[in-house]
Amino acid sequence: MRKTILTAFAASALALSVTAQNHELTVEMKKNGAPIQKTMYGLFIEDINYAADGGLYAELVKNRSFDFPYAFTGWQVAGNVEVRNDGPFDRNPNYVRLKSSGHGHKWTALLNEGFFGIGVEKDKEYRFTFYARVPEGKKNARIRMELAQPITNREGQDFLSREINIEGSEWKQYEVVVKSPMTEPKAQLRIFLLGNNAVDLEHISLFPVDTWKGRKGGLRKDLMEALADMKPGCFRFPGGCIVEGTDLDTRYNWKNTLGPVENRPLNENRWHYTFRHRFFPDYFQTYGLGFFEYFLLSEEIGAEPLPVVNVGLSCQYQNNGEHAHVAVDELDPYIQDALDLIEFANGDVTTEYGKIRAEMGHPEPFNLKYIGVGNEQWGSEYVVRLEKFVERLRKAHPEIEIIGSSGPNSEGRDFDYLWPEMKRIKVDLVDEHFYRPESWFLSQGNRYDNYDRKGPKVFAGEYACHGANGRKWNHFNASLLEAAFMTNLERNADIVHMATYAPLFAHVDGWQWRPDLIWYDNLRSVRSCSYYVQQMYAHNTGTHVLKATENGKPLAGNEGQDGLFASAVWDAAKKEVIVKVINVSDKAQEVKLNFTGLKKSQKPQLVDVTTYHSDDLYADNTLDNPTAIVPQVKAANGAALDVANVPAKTFAMYRFKVEGRK
Ligand code: AHR
């Protein structure tokens, strides 16, 4: 075994060493490699798994406008309740009329179940709002709102109530802020008609007061904090398959998400019926979280917004025939949607869509730089349509970078056909998707090393390690393999400009797809093991790639490399070298670190070592134990480190200060 020089710090880190192997990583520091894009590690949101409605969008009432195809989805009714459709909001025309049942002991009432219940916390405030009027020539009416425990396993007792007077025959919005005396994750909202006079009710809504940035009708704070804590470089929205829709009628129409929420028309969510074993017929999109909100949140978390528009194709998994697609010579409105979107984001306030943005509260442009055209499309039907978009977008907006698709697979027929086509069409980036098993992630350590440097750049837009053998859920080993694979993204940052794990969010009671980055119930959330891997990269992106090799080859888990993966970056602002080493093997390994091309006075001084490890490879963080598996940072206070000891099954990261280097 090679004789190693160890500092006290390194010696203690070596305590876990059992069978040491000799590896040597040479980090060349004479000159910097390619710049790393600020967009590199980002986030991607799609309203799948109740990510928007029932998740990030903090509305607690389901079907608040009674405009679901079955008007009482989410509601139970008692007594005399009638649905009417000449309400104040023309694109959500339904409302309800509550009339006395004519018998003092027969209540007329509504009961909303929320999204898997309504979560409220002790001493927190909630804003109850609704539109109402008094019909039938009467002057006033009265209702009583209550929050109650569910009847299933508790008493069904109300724990909060307010009586509210309704006055006048004109529609008006009413607002009551209530404080919950108790914590109840699965409460119900009840509304009783009091007295004999009828009342019309519309857009019945309940939000926590304490939302992200305290906005009325805003976003769930804990989930937004998880996004902000990632410090993501880019933010892709709104999908995913929902961009395509099950058919063109149900595609995501960003224009329907503008203006007051009361008048944003409801859309089906294709994830409600996609999987028979995860069937949620009550899953719709209210668009309360729409494009304005997506742009705003991108800005607030410091990420480049990356909207995706429909390319004139509905979901290709579900529609084979041409009938499901827009004819090529009828694409104009779709292309116009993309042009209008750029105007909405960047146009000045005198333009049609810039004006709408200003009216919604953001006169400054959002500074959009990227647009995805089509989600996970494939075949010549995609290519012909994309070409039309590219032609028009380039002419009108040469400053916007266009992202095309390489299909649903990481390789194979569609992929091999699409990449050359993307080069021919000259899109700026190509979106690759890969949900693959462990074996794939282990074998892809060199994936981008030989990509053509002259063509479009890569956007790894959707990926996750899906464990094989029944382990298709979040667990530490999957996240470790993602970390290993990501060294390859990092080493190839000249061509890989963005990467986003998928999906982002999942409600524990309503998921359709897993693994996911962040899980939650009605009151709590938990960041998965994969979240922390993404965060370690996103917080340590660096500004330039540094060449890091063993015997001239990258450590990419290849034969003879003992399951070691590594990459190194330089952070010019902090004057730091960051070396990431992932040991996926089941033995601790020593890696000698050589920094070449530095002056004698520039010996790298270790700032800290972060290790990410779980003894149980199949465990993950849970709602009950959300920090069971988190990165451990150990300060090193400028010690030298010549040999890194990387424990088995560990993602280790070493940060060194190098003063006097550019
Ligand atoms: O992330 C889940 C789905 O996976 C996305 O909607 C789609 O783009 C891909 O097939």
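Start with the ligand, which sits among E46, G240, C241, W271, N375, E376, H433, Y435, E462, P503 and W513; a residue makes this list if one of its heavy atoms lies within 4 Å of the molecule. Keep in mind that this is a predicted model, where local features need pLDDT of at least 70, side-chain atom pairs count only at pLDDT 80 or more, and totals for chains, interfaces and linings use all residues. Numbering runs from 1 along each chain as its sequence is written, and side-chain values use heavy atoms, with hydrogens and water left out.

What kinds of residues make up the shell around the ligand? There are five nonpolar, three polar and three charged ones. Here Ala, Val, Leu, Ile, Met, Phe, Trp, Tyr, Cys and Pro count as nonpolar, Asp, Glu, Lys and Arg as charged, and the others, Gly among them, as polar.

Now for the polar contacts, meaning pairs of N or O atoms within 3.5 Å. The side chain of E46 puts an N or O atom 2.5 Å from an oxygen atom of the ligand. For E376, a polar side-chain atom lies 2.8 Å from a ligand oxygen, and for N375 the distance between a side-chain N or O atom and an oxygen of the ligand is 2.9 Å. On its own the ligand would expose 280 Å², and the protein buries 97% of that (accessible areas by the Shrake-Rupley method with a 1.4 Å probe).

G240 is in the loop between β14 and α3, and the peptide bond joining G239 and G240 is cis, with omega about 20°. P238 lies in the loop between β14 (234–237) and α3 (241–244), and the bond from F237 to P238 is cis too, with omega near 0°. Helices (H or I, at least four residues) and strands (E, at least two) are DSSP runs, numbered from the N terminus.

Two other spots deserve a look. D123, in the loop between β7 (118–120) and β8, has a positive phi of about 70° although it is not a glycine. N637, also not a glycine, has a positive phi of about 50° and is found in strand β32 (residues 632–639).

Next, find the open sheet of four strands, ordered β27-β1-β30-β33 with mixed pairing; two strands pair if DSSP finds at least two bridges between them. β27 (548–549) and β33 (643–646) stand at the edges with a single partner strand each, so one side of each has no neighbour in the sheet. Strands β1 (residues 22–28) and β30 (residues 589–596) run parallel and are joined by seven bridges. In this pairing, N22 of the chain stands opposite E590 in β30.

Finally, the largest pocket. A pocket is an open set of points on a 1 Å grid over the protein atoms alone, where a 1.4 Å probe fits, with protein on both sides within 12 Å along at least five of seven lines; lining residues have an atom within 4 Å of a point. The largest pocket has 29 lining residues, with Y57, K216, G217, G218 and V261 nearest its centre. Which element gives the largest share of this lining? That is α4, with five residues. By class, the lining has ten nonpolar, eight polar and eleven charged residues.

Definitions and conventions
Polar contact = N/O pair within 3.5 Å; in protein donor to acceptor, adjacent residues only side chain to side chain.
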